[in-house]
Amino acid sequence: MKIDGCCHCGRITYEAEINPDYVIICHCTDCQTVSGAPYRANVPVLAANFKLRGEPKTYVKIASSGNEMMLAFCGNCGTSLYSGKKDDPSVFNLRLGAVKQRAELTPKAQYWCRSAMPWAMDLARIPQSPDQRTPPR
Ligand SMILES: [Zn+2]
Ligand SMILES: [Zn+2]
């Protein structure tokens, strides 16, 4: 499936060809901290199928596997864009939040559930509003 992505300010855009069956949610503590959100959704893309325009900033972290992971984000607006192994950037994990077609990309698996927010596993139970108004309880 062809997708395209864009950071919030528009300085960085990309096009990619991905397999929607590989969309996942990650509940690891690094994703929680770095994304500023309770969990993050990703989809992998082969470097050959990833066309990036603009120059993201990068931050290198050591993953639990010991690999040095390069996290790419917009240096202007801070939008998280993707990650990849620092020494072998043959696959990138695109952050679903910056993908325009994200509503069509239902995750197929959840990883690192042992560090998931317990409430994040059942969002449907939390009162809902279509916008910023206080939802009925
Ligand atoms: Zn930006
Ligand atoms: Zn993670």
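The largest nonpolar core in this predicted model has 22 residues, and Ala16, Val43, Val45, Leu81 and Leu94 touch the most other members. Strands β2, β4 (40-46), β7, β8 and β9 each supply at least two residues of this core. One has 7 strands with mixed pairing. The other has 3 strands with antiparallel pairing.

**Core contacts**

- Valine 45 is among the core residues that touch the most other members.
- Leaving aside neighbours within four places in sequence, valine 45 is in contact with Ala16, Ile18, Phe50, Phe92 and Leu94.
- Ala16 and Leu94 are themselves on the list of core residues with the most touching members.
- β8 is mostly covered, with 5 of its 6 residues buried.
- β8 also supplies at least two residues of the core.

**The sheet of 7 strands**

- The strand order is β6-β7-β8-β9-β4-β3-β10.
- β6 and β10 stand at the edges; each has a single partner strand, so one side of each is left without a neighbour in the sheet.
- From one strand to the next, the twist averages 30°.
- β3 (residues 24-26) and β10 pair in the parallel sense, over 3 bridges.
- In that pair, cysteine 26 stands opposite tyrosine 111 of β10.

- β6 (residues 57-62) and β7 (residues 68-73) run antiparallel and are joined by 6 bridges.
- Isoleucine 62 has glutamate 68 of β7 as its bridge partner.
- The hairpin has 5 residues between the strands, and glycine 66 takes a positive phi near 95° there.

- Methionine 69 stands opposite lysine 85 in β8.
- Phenylalanine 73 has serine 80 of β8 as its bridge partner.
- This hairpin has 6 residues between the strands, and glycine 78 takes a positive phi near 85°.

- β8 and β9 (residues 91-95) pair in the antiparallel sense over 3 bridges.
- Glycine 84 stands opposite phenylalanine 92 in β9.
- The hairpin joins β8 to β9 through 5 residues.
- Phenylalanine 92 is also one of the contacts of valine 45.

**Glutamate 68**

- Glutamate 68 lies in strand β7.
- Glutamate 68 is partly exposed, because 13 other C-beta atoms lie within 10 Å.
- Its contacts, leaving aside neighbours within four places in sequence, are Val60, Ile62, Lys86 and Asp87.
- Ile62, one of these contacts, is also the bridge partner of glutamate 68.
- Aspartate 87 is 19 residues from glutamate 68 along the chain, yet their C-alpha atoms are separated by 7.5 Å.

**Tryptophan 112**

- Tryptophan 112 has a positive phi of about 55°, although it is not a glycine.
- Most residues other than glycine have a negative phi.
- Tryptophan 112 lies in the segment after β10 (109-111).
- Tryptophan 112 is partly exposed, because 17 other C-beta atoms lie within 10 Å, and a residue counts as buried at 20 or more.

**The sheet of 3 strands**

- The order is β1-β2-β5, and the pairing is antiparallel.
- β1 (2-6) and β5 (50-53) stand at the edges; each has a single partner strand, so one side of each is left without a neighbour in the sheet.
- The twist here averages 10° from one strand to the next.
- β1 and β2 (residues 13-17) are joined by 5 bridges.
- Lysine 2 has glutamate 17 of β2 as its bridge partner.
- β2 is one of the strands that supply at least two residues of the core.

Conventions:
Residues numbered from 1 in each chain as written. Chains lettered and ligands numbered in written order. Predicted model: local features only at pLDDT ≥ 70, side-chain atom pairs only at ≥ 80, totals over all residues. Pairing = 2+ DSSP bridges. Helix = DSSP H or I, 4+ residues; strand = E, 2+ residues; numbered from the N terminus. Buried ≥ 20, exposed ≤ 12 C-beta atoms within 10 Å, placed from the backbone. Contact = placed C-beta atoms within 7 Å. Axes fitted to C-alpha atoms, helices over the stretch in contact; angles between N-to-C directions. Core = buried A, V, L, I, M, F, W, Y, C linked by C-beta atoms within 7 Å.
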